[in-house]
Amino acid sequence: MEQVFAPWRIEWIRRDETNSDIEDCVFCELPERDDDRENLLVARSEHAFVMLNNYPYNPGHLMVIPHCHTGDYGELEDEQLLDHAQLKQRTFDALEEALEPDGFNAGLNLGDGAGGSIDDHLHTHVVPRWEGDTNFMPVISDTTVIVEALEDTYDNLHDAFAGQDGAVVSDEDSAVVFE
């Protein structure tokens, strides 16, 4: 029998409560905090930000999130929609530069029945995919294997966003800003 070692997951298993320090909305509160790296925020624009997923399906699984707190896509104004779309475009470019995937899955979970765990604040999942990245683990044992630590993914993506036109980098622990 093969064994998969993922000792960093014990932190998640033993946690008392998910986001116990968050009072309302995780997507509203984390961008307001000082430590982007700790909160996995890798890039920001005027109306949106990019955040690595804490529990990724694949290395580089992240979300592009509008600042506007709404679960209704129709409530976003034109300027917010355009900014969100442009940041998604930059995200695809950064992922291609940093991780060289063969493709992407991207989408929104809208509404209670869509299966998302946070349905009151829109967020677009972007999941890099590689040919052959689906193996027996999710099929047989309801387990996925993540081959890169979040900290390494953060560093690679931060560098890729920082290399794009219009990027402003104050330091390695702050998200790359696009003005």
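**Entry 1: ground rules.** I call a residue buried when its relative accessible area is under 20%, and exposed when that value is over 50%. I am working from a predicted model, not an experimental one.

**Entry 2: helix α3, buried side.** With that cut-off I went through α3 and found Gln80, Asp83, His84, Leu87, Thr91, Ala94, Leu95 and Leu99 buried. They span an arc of only 115 degrees around the axis, so they sit on the same side of α3.

**Entry 3: helix α3, length and cover.** α3 runs over residues 78–99, 22 residues in total. From first C-alpha to last I get 31 Å, close to the 32 Å expected at 1.5 Å a residue. What covers the buried residues of α3? My list includes strands β2 (48–52), β3 (62–66), β4 (103–108), β5 (124–129) and β7 (176–178), along with helix α5 (150–162).

**Entry 4: helix α5.** Which of its residues are buried? I noted Thr153, Tyr154, Leu157, His158, Ala160 and Phe161. Their arc around the axis is only 165 degrees, which puts them on the same side of α5. Glu151 and Asp159, on the other side of α5, are exposed. For packing partners of the buried α5 residues, I wrote down β1 (41–44), β2, β3, α3, β6 (167–168) and β7.

Entry 5: Most residues other than glycine have a negative phi. Where does Glu100 sit? I found it in the loop between α3 and β4, just after α3, with a positive phi of about 50 degrees. Glu100 is exposed, at a relative accessible area of 61%. Leu40 also has a positive phi, near 65 degrees, and is not a glycine either. I placed Leu40 in the loop between α2 (26–29) and β1. Is Leu40 buried or exposed? It counts as buried, because its relative accessibility is 11%.

Entry 6: Leu108 belongs to strand β4. I have Leu108 down as partly exposed, at 30% relative accessible area.

**Entry 7: the whole chain.** Last, I stepped back. How many helices and strands does the protein chain have? I count 5 helices and 7 strands. Along the sequence they come in the pattern α-α-β-β-β-α-β-β-α-α-β-β. Of the 179 residues, 36% count as buried. I also looked at contacts between residues at least 6 apart in sequence, and 59% of those join residues at least 24 apart. The chain exposes about 10,900 Å², with carbon and sulfur atoms supplying 45% of that area.

Key. Residues numbered from 1 in each chain as written. Predicted model: local features only at pLDDT ≥ 70, side-chain atom pairs only at ≥ 80, totals over all residues. Heavy atoms only, no water. Helix = DSSP H or I, 4+ residues; strand = E, 2+ residues; numbered from the N terminus. Expected span 1.5 Å × (residues − 1). Buried < 20%, exposed > 50% of the residue type's maximum accessible area, 1.4 Å probe, protein only. Arc of directions from axis to C-beta. Contact = heavy atoms within 4.5 Å. Areas by Shrake-Rupley, 256 points an atom, 1.4 Å probe, with all protein chains shown as cover.
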